Amino acid sequence: MDFDLILRGGTVVDPGQGVEGPCDVAFANGRVAAVAPDLSVTATEAIDVTGKLVTPGLIDLHGHFFHRGQPLFVDPDELCLPGGVTTAVDAGSSGWATYAGFREYVIQRAETRVLAFLHLATTGLATVAAGVGELEDFRFAQEERTRDALRRFPELLGLKVRIQRAATGEANALPALDMARRICDEAGTRLMVHISGTPIPLEAILERLRPGDIATHIFNGHEHGILDGAGQVLPAVRDAAARGVILDVAHAGVHFDVEVARAALAQGLPPTTLSTDMVRPAVARRMYDLLGVMSTFLALGLPLPEVIRAVTEAPARAIGQAGKLGALVPGACGDAAVLALEEGDFTFGDAAGHDIKAAQRFVPVLTVRAGRRWRRR
Ligand SMILES: [Zn+2]
């Protein structure tokens, strides 16, 4: 046998390579081995995916994947792999005092590739389930120990801070942001900032972000959002996008507003990345998995290749993994998603109650992880 697995007859959509068309995709030794129409090779497992979309393994840039036995958090293997998501990025569920446990008990054991941002707050988001903002008490912002953790765990993608009334209160918002900025500058790493429900003007946050930093919950409908009083995208948001700040969706129901997204798209401001902010909330919310968020943006008019780019090439680039993740090229990680577009009458929405009708939605067909067809254990 030439290869371990071959997907035959699908339509490959890999915007990072500019590919959209019929191609077979073969995998060997955990990696992509060949991508071309009508590959005349043999494989241990051959799967006919005619009529389906074949994309690089999807990347969810913002979720909370710390152990599911804890409040707030979800299990990546349970909620990511079945939907084609092979890389789950944890957006600061842990801080310097809890990351080692997250690493040993979740990251190293999951079948999903789990990568993480470290939170500036000592215990990450553990206190949020108790209704206490993680940086309401500024003693939990520990600059030296956070810096030390970033040094000791070089696999960390960067630092996360939530500039939100419920997370920092008003007085600690700017000091937290400035501390995070100092740490990232010294460590030479990226900063992800939660901007939804911020007690300070959005401009004050964006002016502190450098190219490659991530503004997450970009289309939230709360105070200090991306639109001015007349519904126009703020110049500071356009400036940030132009200099390479990543505009990340992180839906979560409560951090996404259909009308804000619609206005931004109409004014030529698409998101850089689509993500879920997957959590296990205490109360029911209109939350979606990544395919649901992708379906929402397809319904909002974002073209299909741009939807796929925003969950493959764009997040891979955002975490410094372009060409390795989110790409179907020989030598890249052997992850892929096989999806179908189901026709029907669907509704997607947000926590504010805005609905959007959709005539199509993405549904999962199968997932390839590390060169093998993934099956639920
Ligand atoms: Zn989050």
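How far apart are the mean positions of the positive and negative charges of the protein? They lie 4 Å apart, for 37 positive and 45 negative charges. Here Lys and Arg count as positive and Asp and Glu as negative, with His and the chain ends not counted; each charge is placed at NZ of Lys, CZ of Arg, CG of Asp or CD of Glu.

Please note that this is a predicted model, in which local features need pLDDT of at least 70 and side-chain atom pairs pLDDT 80 or more, while totals for chains, interfaces and linings use all residues. Residues are numbered from 1 along each chain as its sequence is written, and side-chain values use heavy atoms, without hydrogens or water.

The C-alpha trace spans about 65 × 45 × 40 Å along its principal axes.

Finally, the metal site. His-62 (NE2), His-64 (NE2) and Asp-277 (OD) coordinate the zinc ion at 2.1 to 2.2 Å; donors are N, O and S atoms within 2.8 Å of the metal (3.2 Å for Na, K and Ca), and water is not among the atoms, so sites may look incomplete. His-62 belongs to strand E6 (residues 58-63), whereas Asp-277, 215 residues apart from it, sits in the loop between helices H8 (258-266) and H9 (290-299). Both His-62 and Asp-277 are buried.

Methods: Helix = DSSP H or I, 4+ residues; strand = E, 2+ residues; numbered from the N terminus. Buried < 20%, exposed > 50% of the residue type's maximum accessible area, 1.4 Å probe, protein only.
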